[in-house]
Amino acid sequence: MRNLDFAPLYRATVGFDRIADLMDRVLSTDVAQPTYPPYNIEKTAEDAYRISIAVAGFTPDELSVEVKDGSLFVTARKAPEETERTYLHRGIATRAFERRFALADHVRVVGAVHEHGMLHIDLVREVPEAMKPRRIEIRRADAASPAIEARPETVN
């Protein structure tokens, strides 16, 4: 297990607590993470993503997709069967699970679809206009255009 000291980060920055906590959680997580259920994460466009989770044996009513505290939680609880069955071989696992995905800032879930034993969750990154790069026009200094004056702000 690796231990990283984030004290220098905390001393030199403000507001990066979430990133440090995320790094600490990722690096300290046990390597033997559960692999059930299997899933894919794909980039479908420049700012769009899709998480696909294999949920064979679950109905949409038995699945839950929830976003809270910057994380996406996918949970499944199998309803008890009404009839008793005798299996000669049971290879389709329908045990309860919870998967957690940390979401980056400005990433939101736009929808979820259950089809053919797969749960597809679509996400999009929406960067606010204020955070997008913008080009500043550079004017030529000539006698016809007055210089930009700095005006002190008045406080009421």
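Two strands pair if DSSP finds at least two bridges between them, and helices (H or I, at least four residues) and strands (E, at least two) are DSSP runs that are numbered from the N terminus. The exercises below concern a predicted model, in which local features need pLDDT of at least 70 and side-chain atom pairs count only at pLDDT 80 or more, while totals for chains, interfaces and linings use all residues. Residues are numbered from 1 along each chain as its sequence is written, and side-chain values use heavy atoms, with hydrogens and water left out.

**Exercise 1. The elements and the open sheet**

Task: State which elements the protein contains, and describe the order of the strands in the open sheet.

Solution. Begin with the inventory, which is two helices and seven strands. Read from the N terminus, these elements follow one another as α-α-β-β-β-β-β-β-β.

Next, turn to the open sheet, where four strands are arranged in the order S1-S2-S7-S6 with antiparallel pairing. Strand S1 (39–45) and strand S6 (107–115) are the edge strands, since each pairs on one side only. On average, neighbouring strands of this sheet are turned by 20° against each other, direction ignored; the axes behind such an angle are lines fitted to C-alpha atoms, for helices over the stretch in contact, and angles run from 0 to 180 degrees between N-to-C directions.

Finally, look inside the sheet, where strand S2 (residues 48–54) and strand S7 (residues 118–125) run antiparallel and are joined by seven bridges. One of the residue pairs to locate is Ala54 with its bridge partner Met118 in S7.

**Exercise 2. Strand S5 and its two faces**

Task: Find the strand that is joined to S5 by six bridges, and decide which side chains of S5 point to the buried face.

Solution. The partner is strand S4 (residues 71–76), which runs antiparallel to S5 and is joined to it by six bridges. Within this pairing, Ser71 has Ala102 of S5 as its bridge partner.

For the second step, recall that in a regular strand the side chains alternate between the two faces of the sheet.

**Exercise 3. Aromatic rings**

Task: Say how many aromatic pairs the structure holds, and work out how the rings of Tyr39 and Phe101 are placed.

Solution. The structure holds three aromatic pairs. Rings of Phe, Tyr and Trp (its six-membered ring) pair if their centres lie within 6.5 Å, and planes under 30 degrees apart count as stacked, over 60 as edge-to-face and the rest as tilted.

The ring centres of Tyr39 and Phe101 are 5.2 Å apart and the planes stand at 85°, so this pair is edge-to-face. Because Tyr39 lies in strand S1 and Phe101 in strand S5 (residues 97–102), the pair ties together parts that are 62 residues apart in sequence. Tyr39 counts as partly exposed at 34% relative accessibility, whereas Phe101 counts as buried at 9%.

The rings of Phe58 and Phe97 also form an edge-to-face pair, with centres 5.8 Å apart and planes at 85°. This pair links distant parts of the chain, 39 residues apart, with Phe58 in the loop between S2 and S3 and Phe97 in strand S5. Phe58 is buried at 4% relative accessibility, and Phe97 is buried with a relative accessible area of 6%. Together with Tyr36, Phe58 and Phe97 form one aromatic cluster.

Notes:
Buried means under 20% relative accessible area, exposed over 50%, partly exposed in between (1.4 Å probe, protein chains only).
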